[in-house]
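Hello,

Here is the structure I promised to hand over. Please open it first; my notes follow below.

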Amino acid sequence: MSVQSAIKRKTAPDIRARKSGEPIVMLTSYHAHTAALVDRHCDVILVGDSLGNVMHGFETTVPVTLDMMILQGRAVMRGSQRALVVVDMPFGSYEASKEQAFHSAARVLKETHCGAIKLEGGARMAETIAFLVERGIPVMGHIGLTPQSINTLGSFRAQGREEGSWKPIEDDARAVAQAGAFSVVVEAVAEPLARKITETIEIPTIGIGASAACDGQVLVLEDMLGLSPRAPKFVRRYGNLGPMIEDAIEAYAADVRSRAFPGPEHVYDMKTKG
(Lines give C-alpha, C1' and ligand atoms only; values in the text may rest on other atoms or scores of the structure.)
Protein backbone atom coordinates (compact mmCIF):
# COMPACT_ATOMS: atom_id res chain seq x y z
CA MET A 1 0.00 0.00 0.00
CA SER A 2 1.37 3.42 -0.90
CA VAL A 3 1.96 6.03 1.78
CA GLN A 4 -0.58 8.35 0.15
CA SER A 5 -3.37 5.77 0.14
CA ALA A 6 -2.65 4.96 3.82
CA ILE A 7 -3.46 8.54 4.89
CA LYS A 8 -7.19 9.03 5.40
CA ARG A 9 -8.51 12.47 4.52
CA LYS A 10 -11.23 13.91 6.77
CA THR A 11 -14.74 13.97 5.32
CA ALA A 12 -17.84 16.11 5.77
CA PRO A 13 -19.44 13.44 8.05
CA ASP A 14 -16.28 13.49 10.20
CA ILE A 15 -16.70 17.24 10.71
CA ARG A 16 -20.45 16.89 11.29
CA ALA A 17 -19.69 14.40 14.07
CA ARG A 18 -17.58 16.98 15.91
CA LYS A 19 -20.65 18.89 17.15
CA SER A 20 -20.05 19.86 20.80
CA GLY A 21 -16.75 17.96 20.73
CA GLU A 22 -13.15 19.03 20.25
CA PRO A 23 -13.15 22.43 18.52
CA ILE A 24 -12.79 22.33 14.73
CA VAL A 25 -9.69 24.12 13.40
CA MET A 26 -10.04 25.72 9.97
CA LEU A 27 -7.88 28.11 7.94
CA THR A 28 -7.92 29.36 4.37
CA SER A 29 -5.33 28.41 1.77
CA TYR A 30 -5.02 29.07 -1.95
CA HIS A 31 -1.65 27.50 -2.79
CA ALA A 32 -0.09 24.04 -2.65
CA HIS A 33 2.79 25.14 -0.42
CA THR A 34 0.65 26.88 2.22
CA ALA A 35 -1.86 24.01 2.07
CA ALA A 36 0.91 21.59 3.05
CA LEU A 37 1.67 23.69 6.14
CA VAL A 38 -1.97 24.20 7.12
CA ASP A 39 -2.76 20.52 6.54
CA ARG A 40 -0.50 19.42 9.40
CA HIS A 41 -2.51 21.30 12.01
CA CYS A 42 -6.05 21.90 10.73
CA ASP A 43 -9.18 19.79 10.32
CA VAL A 44 -10.54 21.83 7.41
CA ILE A 45 -8.88 23.93 4.71
CA LEU A 46 -11.14 26.50 3.11
CA VAL A 47 -10.30 27.61 -0.42
CA GLY A 48 -12.06 30.89 0.21
CA ASP A 49 -13.26 33.41 -2.32
CA SER A 50 -11.21 35.78 -0.14
CA LEU A 51 -8.51 34.89 -2.68
CA GLY A 52 -10.02 37.78 -4.64
CA ASN A 53 -8.79 40.16 -1.92
CA VAL A 54 -5.61 38.33 -0.93
CA MET A 55 -4.26 37.21 -4.31
CA HIS A 56 -5.81 39.61 -6.79
CA GLY A 57 -6.26 42.85 -4.87
CA PHE A 58 -10.03 43.13 -5.39
CA GLU A 59 -11.88 45.31 -2.89
CA THR A 60 -14.62 42.67 -2.55
CA THR A 61 -15.10 38.99 -3.38
CA VAL A 62 -17.75 39.75 -6.01
CA PRO A 63 -15.40 39.63 -9.07
CA VAL A 64 -14.14 36.11 -8.25
CA THR A 65 -15.06 33.48 -10.86
CA LEU A 66 -15.72 29.75 -10.70
CA ASP A 67 -12.63 29.07 -12.81
CA MET A 68 -10.49 30.97 -10.30
CA MET A 69 -11.87 28.87 -7.43
CA ILE A 70 -11.29 25.62 -9.31
CA LEU A 71 -7.70 26.53 -10.20
CA GLN A 72 -6.78 27.27 -6.60
CA GLY A 73 -8.83 24.33 -5.31
CA ARG A 74 -6.68 22.01 -7.41
CA ALA A 75 -3.52 23.53 -5.97
CA VAL A 76 -4.72 23.10 -2.38
CA MET A 77 -5.73 19.49 -2.99
CA ARG A 78 -2.26 18.75 -4.39
CA GLY A 79 -0.63 20.30 -1.33
CA SER A 80 -2.76 18.61 1.34
CA GLN A 81 -3.40 15.03 2.45
CA ARG A 82 -5.38 14.97 5.69
CA ALA A 83 -7.74 17.95 6.01
CA LEU A 84 -11.19 18.21 4.49
CA VAL A 85 -10.87 20.74 1.65
CA VAL A 86 -13.91 22.97 1.18
CA VAL A 87 -14.14 25.26 -1.86
CA ASP A 88 -16.21 28.45 -1.83
CA MET A 89 -18.86 28.91 -4.48
CA PRO A 90 -18.26 32.41 -5.86
CA PHE A 91 -20.90 35.07 -6.41
CA GLY A 92 -23.05 34.36 -9.47
CA SER A 93 -22.31 30.64 -9.62
CA TYR A 94 -25.26 29.33 -7.57
CA GLU A 95 -27.91 31.95 -6.83
CA ALA A 96 -29.97 31.82 -10.05
CA SER A 97 -31.42 28.35 -9.53
CA LYS A 98 -30.94 25.00 -7.82
CA GLU A 99 -29.87 23.59 -11.15
CA GLN A 100 -27.24 26.27 -11.68
CA ALA A 101 -25.91 25.56 -8.19
CA PHE A 102 -25.71 21.83 -8.89
CA HIS A 103 -23.86 22.24 -12.18
CA SER A 104 -21.38 24.67 -10.62
CA ALA A 105 -20.83 22.53 -7.52
CA ALA A 106 -20.46 19.36 -9.58
CA ARG A 107 -17.74 21.09 -11.63
CA VAL A 108 -15.91 22.03 -8.45
CA LEU A 109 -16.01 18.50 -7.04
CA LYS A 110 -15.10 16.84 -10.36
CA GLU A 111 -12.28 19.20 -11.28
CA THR A 112 -10.67 19.71 -7.86
CA HIS A 113 -11.53 16.42 -6.06
CA CYS A 114 -12.34 18.47 -2.94
CA GLY A 115 -14.64 17.11 -0.24
CA ALA A 116 -17.30 19.83 0.01
CA ILE A 117 -18.41 23.26 -1.14
CA LYS A 118 -19.48 26.33 0.84
CA LEU A 119 -22.14 28.84 -0.13
CA GLU A 120 -23.47 31.97 1.48
CA GLY A 121 -27.06 32.58 2.57
CA GLY A 122 -29.49 31.16 5.08
CA ALA A 123 -33.22 30.65 4.62
CA ARG A 124 -33.13 31.95 1.03
CA MET A 125 -30.63 29.22 0.10
CA ALA A 126 -32.17 26.36 2.10
CA GLU A 127 -33.95 24.83 -0.88
CA THR A 128 -30.73 24.92 -2.90
CA ILE A 129 -28.73 23.35 -0.06
CA ALA A 130 -31.25 20.52 0.23
CA PHE A 131 -31.18 20.01 -3.55
CA LEU A 132 -27.38 19.71 -3.53
CA VAL A 133 -27.20 17.43 -0.49
CA GLU A 134 -29.84 15.10 -1.93
CA ARG A 135 -27.63 14.76 -5.01
CA GLY A 136 -24.45 13.89 -3.16
CA ILE A 137 -22.78 17.27 -2.69
CA PRO A 138 -21.71 18.07 0.90
CA VAL A 139 -22.51 21.70 1.74
CA MET A 140 -21.10 24.03 4.37
CA GLY A 141 -23.38 27.00 5.00
CA HIS A 142 -22.41 30.61 5.76
CA ILE A 143 -24.62 33.04 7.69
CA GLY A 144 -24.34 36.34 9.56
CA LEU A 145 -22.13 38.72 7.62
CA THR A 146 -22.07 37.42 4.04
CA PRO A 147 -19.32 39.26 2.10
CA GLN A 148 -20.77 38.45 -1.34
CA SER A 149 -23.75 40.62 -0.39
CA ILE A 150 -21.61 43.69 0.32
CA ASN A 151 -23.34 45.73 -2.39
CA THR A 152 -26.69 45.36 -0.61
CA LEU A 153 -25.29 45.44 2.96
CA GLY A 154 -23.35 48.62 2.24
CA SER A 155 -20.45 47.82 4.59
CA PHE A 156 -18.76 44.98 6.44
CA ARG A 157 -20.48 45.44 9.79
CA ALA A 158 -21.16 43.01 12.61
CA GLN A 159 -24.59 41.41 12.79
CA GLY A 160 -26.94 40.81 15.73
CA ARG A 161 -25.62 43.52 18.04
CA GLU A 162 -29.19 44.39 18.98
CA GLU A 163 -31.37 41.58 20.27
CA GLY A 164 -34.27 42.73 18.12
CA SER A 165 -32.28 41.79 15.02
CA TRP A 166 -31.60 38.18 16.11
CA LYS A 167 -34.58 36.36 14.68
CA PRO A 168 -33.66 36.44 10.95
CA ILE A 169 -30.15 35.20 11.75
CA GLU A 170 -31.48 32.44 14.00
CA ASP A 171 -33.94 31.49 11.26
CA ASP A 172 -31.06 31.34 8.78
CA ALA A 173 -29.08 29.01 11.04
CA ARG A 174 -32.02 26.65 11.53
CA ALA A 175 -32.85 26.65 7.83
CA VAL A 176 -29.29 25.74 6.83
CA ALA A 177 -29.14 22.93 9.39
CA GLN A 178 -32.56 21.53 8.46
CA ALA A 179 -31.64 21.64 4.76
CA GLY A 180 -28.82 19.17 5.40
CA ALA A 181 -25.63 21.27 5.59
CA PHE A 182 -22.93 19.46 7.58
CA SER A 183 -21.70 22.67 9.25
CA VAL A 184 -22.14 26.43 9.04
CA VAL A 185 -19.78 29.39 9.17
CA VAL A 186 -21.10 32.15 11.44
CA GLU A 187 -19.39 35.43 10.57
CA ALA A 188 -19.20 38.69 12.53
CA VAL A 189 -22.08 37.93 14.87
CA ALA A 190 -22.44 39.18 18.45
CA GLU A 191 -21.24 36.62 21.02
CA PRO A 192 -24.58 35.98 22.77
CA LEU A 193 -26.28 35.27 19.45
CA ALA A 194 -23.46 33.01 18.27
CA ARG A 195 -23.69 31.09 21.55
CA LYS A 196 -27.46 30.71 21.23
CA ILE A 197 -27.22 29.48 17.64
CA THR A 198 -24.48 26.99 18.56
CA GLU A 199 -26.58 25.63 21.42
CA THR A 200 -29.73 25.45 19.30
CA ILE A 201 -28.78 23.84 15.98
CA GLU A 202 -27.59 20.27 15.50
CA ILE A 203 -24.64 20.95 13.18
CA PRO A 204 -21.26 22.46 14.08
CA THR A 205 -20.88 26.22 13.95
CA ILE A 206 -17.53 27.57 12.76
CA GLY A 207 -17.00 31.10 13.96
CA ILE A 208 -15.15 33.97 12.36
CA GLY A 209 -15.71 36.97 14.57
CA ALA A 210 -18.39 35.05 16.46
CA SER A 211 -16.57 34.14 19.72
CA ALA A 212 -15.19 30.96 21.28
CA ALA A 213 -18.75 29.75 21.90
CA CYS A 214 -18.79 28.22 18.40
CA ASP A 215 -17.85 24.60 17.67
CA GLY A 216 -14.79 25.73 15.68
CA GLN A 217 -12.95 28.72 14.27
CA VAL A 218 -11.73 29.91 10.87
CA LEU A 219 -9.48 32.79 9.85
CA VAL A 220 -7.95 33.97 6.60
CA LEU A 221 -4.36 32.70 6.71
CA GLU A 222 -2.84 35.95 5.46
CA ASP A 223 -4.71 37.93 8.12
CA MET A 224 -3.42 35.85 11.02
CA LEU A 225 0.14 35.81 9.62
CA GLY A 226 0.32 39.59 9.37
CA LEU A 227 0.48 39.66 5.58
CA SER A 228 -2.71 41.67 5.11
CA PRO A 229 -2.29 45.45 5.48
CA ARG A 230 -5.63 45.69 7.26
CA ALA A 231 -7.34 42.99 9.29
CA PRO A 232 -10.80 42.90 10.91
CA LYS A 233 -11.26 43.37 14.67
CA PHE A 234 -11.80 39.63 15.17
CA VAL A 235 -8.35 38.64 13.85
CA ARG A 236 -5.52 37.75 16.21
CA ARG A 237 -2.17 38.09 14.46
CA TYR A 238 -0.13 34.98 15.21
CA GLY A 239 2.78 36.26 13.12
CA ASN A 240 4.04 39.46 11.55
CA LEU A 241 5.49 38.15 8.30
CA GLY A 242 4.93 41.28 6.22
CA PRO A 243 7.89 43.25 7.65
CA MET A 244 10.07 40.11 7.68
CA ILE A 245 9.45 39.54 3.97
CA GLU A 246 10.13 43.18 3.14
CA ASP A 247 13.39 43.08 5.13
CA ALA A 248 14.49 40.02 3.13
CA ILE A 249 13.63 41.70 -0.19
CA GLU A 250 15.46 44.87 0.84
CA ALA A 251 18.58 42.84 1.74
CA TYR A 252 18.41 40.97 -1.58
CA ALA A 253 18.07 44.19 -3.57
CA ALA A 254 21.05 45.73 -1.75
CA ASP A 255 23.22 42.65 -2.42
CA VAL A 256 22.33 42.64 -6.12
CA ARG A 257 23.13 46.34 -6.50
CA SER A 258 26.45 45.95 -4.68
CA ARG A 259 27.26 42.73 -6.58
CA ALA A 260 27.51 40.86 -3.27
CA PHE A 261 25.02 38.36 -4.70
CA PRO A 262 25.52 35.94 -6.30
CA GLY A 263 28.69 34.91 -4.47
CA PRO A 264 31.22 32.25 -5.49
CA GLU A 265 29.15 29.55 -3.79
CA HIS A 266 26.19 30.32 -6.10
CA VAL A 267 28.15 30.10 -9.37
CA TYR A 268 28.71 27.06 -11.64
CA ASP A 269 32.40 26.43 -12.49
CA MET A 270 33.64 25.00 -15.73
CA LYS A 271 34.13 21.25 -15.77
CA THR A 272 37.78 20.19 -15.59
CA LYS A 273 39.03 18.04 -18.46
CA GLY A 274 39.73 14.48 -17.34
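Met26 stands opposite Val218 in β8. Bear in mind that this is a predicted model. The two strands involved are β1, residues 24-28, and β8, residues 216-219. They pair in the parallel sense over four bridges.

That pairing belongs to a closed barrel of eight strands. The order runs β1-β2-β3-β4-β5-β6-β7-β8, with parallel pairing. From one strand to the next, the twist averages 25°.

Now the helices. Two packed helices are described by the angle between their axes and the distance between the axes.

Take α5 (residues 66-79) and α6 (residues 98-112). Their axes lie 9 Å apart, and the packing angle is about 30°. Angles under 35 degrees count as roughly parallel, so α5 is roughly parallel to α6. The crossing of α5 past α6 is right-handed. On the α5 side, the contact includes Leu66, Asp67, Ile70, Gly73, Arg74 and Met77. They meet Ser104, Arg107, Val108, Glu111 and Thr112 in α6. By class, this contact of α5 with α6 has four nonpolar, three polar and four charged residues.

Helix α5 also meets α3, which covers residues 32-39. Here the axes come within 7 Å and cross at roughly 50°. That angle makes α3 oblique to α5. Again, the crossing is right-handed as α3 passes α5. Ala32, Ala35 and Ala36 in α3 meet Ala75, Val76 and Gly79 in α5. The contact of α3 with α5 has five nonpolar residues, one polar and no charged ones.

Best wishes

Definitions and conventions:
Residues are numbered from 1 along each chain as its sequence is written. This is a predicted model: local features need pLDDT of at least 70, side-chain atom pairs count only at pLDDT 80 or more; totals for chains, interfaces and linings use all residues. Side-chain values use heavy atoms; hydrogens and water are left out. Two strands pair if DSSP finds at least two bridges between them. Axes are lines fitted to C-alpha atoms, for helices over the stretch in contact, and angles run from 0 to 180 degrees between N-to-C directions. Angles under 35 degrees count as roughly parallel, over 145 as roughly antiparallel, 65 to 115 as roughly perpendicular and the rest as oblique. A crossing is left-handed if the near helix is turned anticlockwise from the far one by less than a right angle, and right-handed if clockwise. Contact means heavy atoms within 4.5 Å. Ala, Val, Leu, Ile, Met, Phe, Trp, Tyr, Cys and Pro count as nonpolar, Asp, Glu, Lys and Arg as charged, and the others, Gly among them, as polar.
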